Amino acid sequence: MQLNNGNTYTIPVTLGDHKSYPIYIGNDTYSQLGSTIKQLSVGQKLMIVTHPEIQGLYGELIADRCEKEGFKVSVVTIPPGEDHKNMATVSQLLDKMIDYQFERRDTIVALGGGVIGDTAGFAASI
């Protein structure tokens, strides 16, 4: 674990060639998300997957910061709860990715806990 600017820790996850990634933990990391993603040299489209309560708290701020970094941002909300971690929800996310003409280098941001992360991560992987 590495301490960055006094507020943020970086935990490197090393899984082998081209499968490593950092995890950032700290205060106010969401306001730096756009510039952090931009450093990864990804595509220009970004989809934030979240649930309505978190969208209300942080969604607009994160979308705004990402747009200021040049990303074309879309937001998709899914209801919270384990009963929404299913193929129907994944199918909805895939439909949105098709609607937004997502390509391999574009980015999905899971803004939320387990159900959001699991569902968005699975949709991104396929």
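Mentor: The expected span of a helix is 1.5 Å times one less than its number of residues. Please keep in mind that this is a predicted model.

Trainee: Okay, so how many residues does helix H2 have, and what does it reach from its first C-alpha to its last?

Mentor: Helix H2, residues 52–68, has 17 residues and reaches 23 Å between those two atoms, which is close to the 24 Å expected.

Trainee: Which residues of H2 are buried, and what do they pack against?

Mentor: The buried ones are Ile54, Gln55, Gly59, Ile62, Ala63 and Cys66, and they pack against helix H1 (33–38) as well as strands S4 (45–50), S5 (72–77) and S6 (107–111). In an α-helix there are 3.6 residues a turn, so residues three or four places apart point the same way.

Trainee: What follows H2?

Mentor: H2 is followed by Gly70, which has a positive phi, near 100 degrees.

Trainee: Switching topic, is Pro12 buried or exposed?

Mentor: Pro12, which lies in strand S2, counts as exposed because its relative accessibility is 55%, and the cut-off for exposed is over 50%. Leaving aside neighbours within four places in sequence, Pro12 is in contact with Tyr21 and Pro22.

Trainee: And the whole chain, how many helices and strands?

Mentor: The protein chain has 4 helices and 6 strands. Its radius of gyration is 15 Å, close to the 14 Å that the globule rule gives for 126 residues, so the chain is as compact as a globular protein of that length.

Terms used:
Residues are numbered from 1 along each chain as its sequence is written. This is a predicted model: local features need pLDDT of at least 70, side-chain atom pairs count only at pLDDT 80 or more; totals for chains, interfaces and linings use all residues. Side-chain values use heavy atoms; hydrogens and water are left out. Buried means under 20% relative accessible area, exposed over 50%, partly exposed in between (1.4 Å probe, protein chains only). Contact means heavy atoms within 4.5 Å. The radius of gyration is taken over C-alpha atoms; the globule rule is 2.2 Å times the number of residues to the power 0.38.
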